[in-house]
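Please look over the sequence and the structure shown here before reading on. The briefing that follows takes up the ligand and its surroundings, and then the packing of helices.

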Amino acid sequence: MATLVFLEHHEAELQKGALGVLARAAAMDEGEVAGAILGAGASALAAEAGRHGAAKVWIAEGEGLEAPLPQPRVDVLAKIVEAGGYDAALFAASVLAADVAAGLAARLDAGLNWDLVDLAREDGRLVGKRPALGDSVVVDVGWKGTPAIGVIRSGTFEPAATGGEPEVVQAQVELEDFSTTATMLEQAHEEQAGPSIEEADVIVAGGRGLGGPENFALVEELAKALGGAVAATRAVVDAGWYPYSAQVGQTGKSVSPKLYVACGISGAIQHKVGMQGSNVIVAINKDANAPIFEYSDLGVVGDVHQVVPKLTELVRAKRGK
Ligand SMILES: Cc1cc2nc3c(=O)[nH]c(=O)nc-3n(C[C@H](O)[C@H](O)[C@H](O)COP(=O)(O)OP(=O)(O)OC[C@H]3O[C@@H](n4cnc5c(N)ncnc54)[C@H](O)[C@@H]3O)c2cc1C
């Protein structure tokens, strides 16, 4: 058994989601687990990948791999899968990873399962766990051939620093003509203050119970006081109150912070699937029968307009800010 994990990196940092997938693959303890880091700065990140569970790290840098474009990465990964004899290639979901995984599946005529929330090895075969029927059930999915290509839902696994030192191998870079025809003209970064919701230890989330977009200020103030990030439900994103990048749930992001404070959120199943991995869930809702209270560790039955500012004030006083 040998598994390859695509280790996406941006701005000289390996992505947390990819390190989480690496940790899960390593924890299955079934043969070699390798990482592939492709693009500018790859070699400088190899040791970090080793510390997070990769026994071997394939690296490739240079022309054609500087921009985060999928097709050149497909070329290099296809060669790595062949050279290393990997029977599984795993990706943490992202815009780039989804493109690369799909391209690799087409190139190798391999099967692809996506939106996985867990992995297991059963009798040596990889089995993926995938939510279905509106996330109300989790089904086992398999692959008919190899490599088994899997895309894991974002935020599913936490990275684990196990402290290893990897064997570093230079991957062969032979790009196809058609892979170099796309050019990255411009890259833009969304400006944000504080941590992203995928990385944050504390998330304060707002729902329709806030009453209007202007009241997101309450949630932002509390998040700031706690040093956390702001998330939102689909209802408020659809209403244009908050950007989609903050949406948590089935059609948004999966998060697993230490603390998740839900303000004016009913707790629909499609929201729950994106945040149920949080360590401690605190809900503030004026309806004592709101479903969110069924899976909260602490519930406050009250009006967000009264409770949230008071809470912010108390947090600030406690932290002396
Ligand atoms: C295929 C599909 C995918 C979906 N994907 C997602 C997803 O990714 N993420 C997601 O979040 N949803 C998703 N949804 C939508 C989901 O079903 C819910 O509609 C949505 O989560 C509800 O958002 P909400 O809790 O903000 O609003 P509501 O359900 O309207 O809840 C508002 C809550 O605020 C409370 N409230 C009202 N006023 C106050 C007040 N003053 N103080 C305190 N509490 C108050 C109410 O009691 C209520 O419980 C999806 C739905 C479908 C069908």
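This is a predicted model: local features need pLDDT of at least 70, side-chain atom pairs count only at pLDDT 80 or more; totals for chains, interfaces and linings use all residues.

Residues are numbered from 1 along each chain as its sequence is written, and side-chain values use heavy atoms, with hydrogens and water left out.

- A backbone N or O atom of Val-248 lies 2.8 Å from a nitrogen atom of the ligand, and a polar backbone atom of Gly-209 is 3.4 Å from a nitrogen atom of the ligand.
- An oxygen atom of the ligand lies 3.4 Å from a backbone N or O atom of Gly-252.

**Helix packing (helices are DSSP runs of H or I, at least four residues, numbered from the N terminus)**

- Helix α3 (residues 70–84) packs against helix α4 (residues 95–108) at an angle of about 50°, with their axes, lines fitted to C-alpha atoms over the stretch in contact, 9 Å apart.
- Helix α5 (residues 216–226) and helix α8 (residues 304–319) pack at an angle of about 20°, and their axes are 9 Å apart.
- The helices α5 and α8 are therefore roughly parallel to each other, a term for angles under 35 degrees.

Methods
Axes are lines fitted to C-alpha atoms, for helices over the stretch in contact, and angles run from 0 to 180 degrees between N-to-C directions. Helices (H or I, at least four residues) and strands (E, at least two) are DSSP runs, numbered from the N terminus. A polar contact is a pair of N or O atoms within 3.5 Å; within protein, one must be able to donate a hydrogen and the other to accept it, and residues adjacent in sequence count only if both atoms are side-chain atoms. Angles under 35 degrees count as roughly parallel, over 145 as roughly antiparallel, 65 to 115 as roughly perpendicular and the rest as oblique.
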